[in-house]
Amino acid sequence: SRGRHTLNLPRSAYSRNLQLILIIGLLARIAVVVWTMIDSSRFDYPDGRRYMQVARNIADGRGPVDSVTVFAGTDPLYPLVLSRFVYRTGGDDYIERRGRVVNVLAGCLSIFLAAQIGRLLFSESAGLIAAAILAVDPIQIFFCGLILTEILYTCMLLAAIYCMVRHKSGRAWVWAAACGVVLGLATLTRSSHLFLNLLLVPMIAAWVIGNWLRRFAHIAIAALALIVIVSPNVVRNYRLFDKIVLTRSGSGASMLEGLGPRADGGPGMDRIVYPTFAEAADEFERDATCRDAALKWARENPVQTLRLAWTKLCRTWSPTINAPGYDRPMYAIIGWLTTAPIYVLIVIGVWRVRRNFWAIALLLSPAAYYTLVHMIFVGSVRYRTPAMPMLFVLAGVGAMALYERLGTGRRVREMSRG
């Protein structure tokens, strides 16, 4: 079958191989945590410091606020997790160490989920290959050392997709509700995920057995669960600003970072030319002013906007890291050797299961979505990170297809010699 591989392993072999992959992934992530203790400056990012400050504010009872002027500038879930590790006697180092433990655990769970998704959609072998790639992928390992949302959000995205493909295994309504809950948590972890829900939630219908009424019911269950999860944040924003805001503030400034006279396609909040704000404007009104300025600049500079979109696309999917301190040849070699072959395997995998439309759509949708988002906002390898494990599943299919083709060719040659 072109839609599904049938090469499965004995249960004991699958379990042993997955355990080995998980051990390798765990050791690699522990190694990067040790690296953070040796060279902490390499893992010091402004967003990480902001998350820790918001975590301290939560622990002190002030809620997920950034400062006295910014009350909803950070997605609340990750700082809420970090706030569990805030103690009067502990400084930033204490929060960072425990935050990295969370990253390591979420990273290992992601490996397990990638294996399960590959197994359910295609074959156990494809799932194990996807898990193995994820276990040793340098970018995924490196981000376990950063106090950023990438690893936790990636785990949630994988968990949501896992719940979706488990629909056919029974208790479908439970998996629909679980999918909605996890998607809601993902939205509270990374606000840019919000509109990805519009792609993922309807896809539940593809995995529900039954008529369209039953399928619509499961979509409604997932949507309702998602709304329940995000509603406390919406209510909080309404009480603070007297307006319905689904996520956080800051998207207007981020858009101006990517669409403005000094934009170059990469991060550069310090280069933004801010418009004039009304004296009494709150943070969402300032956001709207920034967004209007960015869109006005894009309309007036269509050619440069298209050039920037191409630059952002290239930055997001570059095999090498476009960041200061990572321009040494060693990093470029590692990037090309660990990324370019995976891209080739992804293409082979898509072709191999090209008749399995919904599986391809499900696994490609995060990558397609974030590609489009970051052709508007700034581009960076960081922003493709959550989409990569789903692509690794397709790479696992590609690797199996390549193995089967090479194996067939070898047998043909042996028979011709005989």
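The legends below describe close-up views of a predicted model.

**View 1. Packing of helix α12 against helix α13****.**
Helix α12 covers residues 283-300, and helix α13 covers residues 302-316. Two packed helices are described by the angle between their axes and by the distance between those axes. Here the angle is about 110° and the axes are 5 Å apart. An angle of 65 to 115 degrees counts as roughly perpendicular, so α12 is roughly perpendicular to α13. On the α12 side, the contact is made by Trp 297, Ala 298, Arg 299 and Glu 300. On the α13 side, Pro 302, Gln 304, Thr 305 and Leu 308 take part. Sorted by class, the contact has four nonpolar, two polar and two charged residues.

**View 2. Asp 242 in the loop between α10 and α11****.**
Helix α10 spans 212-241 and helix α11 spans 251-258, with Asp 242 in the loop between them. Most residues other than glycine have a negative phi. Asp 242 is not a glycine, yet its phi is positive, at about 60°. Is Asp 242 buried or exposed? Its relative accessible area is 59%. Exposed means over 50%, so Asp 242 counts as exposed.

**View 3. The second largest pocket****.**
This pocket holds about 380 Å³ of space. Its lining is made of 21 residues, and Pro 138, Ile 139, Phe 142, Tyr 331 and Ile 334 lie nearest the centre. By class, the lining of the second largest pocket has 15 nonpolar, four polar and two charged residues.

**View 4. The largest cavity****.**
The structure holds five cavities of 30 Å³ or more. The largest cavity has a volume of about 80 Å³. Its lining includes Asp 137, Ile 139 and Gln 140. Thr 338, Thr 339, Ile 342 and Tyr 343 also line the largest cavity, as do Arg 384, Thr 385, Met 388 and Phe 392. Helices α6, α14 and α16 each supply at least two residues of this lining. The largest share, four residues, comes from α14. Five of the lining residues are nonpolar, four are polar and two are charged. Ile 139 is also among the residues nearest the centre of the second largest pocket.

**View 5. Arg 384, one of the residues lining the largest cavity****.**
Arg 384 lies in the loop that joins α15 (357-373) and α16 (388-417). Its relative accessibility is 4%. Buried means under 20%, so Arg 384 counts as buried. Leaving aside residues up to four places away in sequence, Arg 384 touches Thr 316, Trp 317, Ser 318, Thr 339 and Tyr 343. Two of these residues, Thr 339 and Tyr 343, also line the largest cavity. Arg 384 and Pro 366 are 18 residues apart along the chain, and their C-alpha atoms are separated by 8.8 Å.

**View 6. The second largest cavity****.**
The second largest cavity has a volume of about 70 Å³. Leu 256, Glu 257, Gly 260, Pro 261, Arg 262 and Ala 263 are among the residues that line it. The lining of the second largest cavity also includes Gly 266, Pro 267, Gly 268, Arg 271, Ile 272 and Val 273. By class, this lining has six nonpolar, three polar and three charged residues.

**View 7. Tyr 78 in helix α3****.**
Helix α3 is formed by residues 77-83, and Tyr 78 has its place there. Tyr 78 counts as buried, at 0% relative accessibility. What does Tyr 78 touch, not counting residues up to four places away in sequence? The residues it touches are Tyr 51, Gly 99, Asn 103, Leu 146, Ile 147, Leu 148, Thr 149 and Leu 152. Leu 256 is 178 residues from Tyr 78 in sequence, and the two are 25 Å apart in space, C-alpha to C-alpha.

**View 8. Asn 57 in helix α2****.**
Helix α2 runs over residues 46-59 and contains Asn 57. With a relative accessible area of 3%, Asn 57 is buried. Not counting residues up to four places away in sequence, Asn 57 touches Arg 62, Gly 63, Val 65 and Asp 66.

Notes. Residues numbered from 1 in each chain as written. Predicted model: local features only at pLDDT ≥ 70, side-chain atom pairs only at ≥ 80, totals over all residues. Heavy atoms only, no water. Axes fitted to C-alpha atoms, helices over the stretch in contact; angles between N-to-C directions. Parallel < 35°, antiparallel > 145°, perpendicular 65-115°, else oblique. Contact = heavy atoms within 4.5 Å. Nonpolar A, V, L, I, M, F, W, Y, C, P; charged D, E, K, R; others polar. Buried < 20%, exposed > 50% of the residue type's maximum accessible area, 1.4 Å probe, protein only. 1 Å grid on protein atoms, 1.4 Å probe; cavity = no way out; pocket = protein on both sides within 12 Å on 5 of 7 lines; lining within 4 Å. Points joined across faces, edges and corners; volume = space filled by probe spheres on them.
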